Amino acid sequence: MDKIADILIKTFIELRQIMRTRASQEELNEIKNAMNTEKRARIFKRYQALYLFLSGKTCKEIASIVGITANTVCNLHKIYQKEGLEGIPDKPISGRPPRLTSEQRVALKEVIINKVPSHKLDGYRKVPCAPAFR
């Protein structure tokens with residue numbers, strides 16, 4: 001009787017895990033491959049959180065494992081549903097536009113390369129050092 005109970009409990013646990021799984025094995029493998037090839041820790045954590053979520057873990061469990069908030073986990077899942085894996089990494093940020101035009105940058109580079117004084121101090125007044133630093 002104990003063997004039957006153990007088998008039933010084990011089967012129930014396995015079924016419960018299967019029911020909690022939110023993605024197919026192919027999707028999970030795709031996320032795992034993305035995790036394994038990712039070099040940036042921030043993006044790796046996102047893939048890891050998504051993988052755990054789709055594997056059946058709760059947002060709170062994932063938050064404590066990965067070190068991000070439960071809200072972030074839910075947001076990652078929403079992004080994944082909308083955009084797929086392409087939506088998980090950071091989007092490019094444009095930043096502030098440059099103040100110099102491309103022509104001005106080229107001219108500045110030329111000035112820096114060709115017109116900066118050499119390392120010799122010819123023509124410059126040499127300042128004597130204090131006796132303690134000689």
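Which side chain meets D90 in a salt bridge? In this predicted model, that partner is R46, with N to O at 2.7 Å. What I like about this pair is where the two ends sit. D90 is in the loop between α5 (70-83) and α6, R46 is in helix α3 (residues 41-55), and they are 44 residues apart, so the bridge links distant parts of the chain. As for cover, R46 counts as buried at 15% relative accessibility, while D90 is partly exposed at 41%.

Okay, the rest of the charges. Searching the whole structure gives four salt bridges. Another one of them is E38 with R40, where the closest N and O atoms are 2.8 Å apart. E38 is buried, because its relative accessible area of 18% falls under the 20% cut-off. R40 comes out at 47%, so that residue is partly exposed.

Then we have E83 and K91, whose side chains meet at 3.4 Å, N to O. Both ends here are partly exposed: E83 has a relative accessible area of 39%, and K91 has 46%.

Last stop, helix α6, residues 102-115.

Methods: Residues are numbered from 1 along each chain as its sequence is written. This is a predicted model: local features need pLDDT of at least 70, side-chain atom pairs count only at pLDDT 80 or more; totals for chains, interfaces and linings use all residues. Side-chain values use heavy atoms; hydrogens and water are left out. Helices (H or I, at least four residues) and strands (E, at least two) are DSSP runs, numbered from the N terminus. The expected span of a helix is 1.5 Å times one less than its number of residues. Buried means under 20% relative accessible area, exposed over 50%, partly exposed in between (1.4 Å probe, protein chains only).
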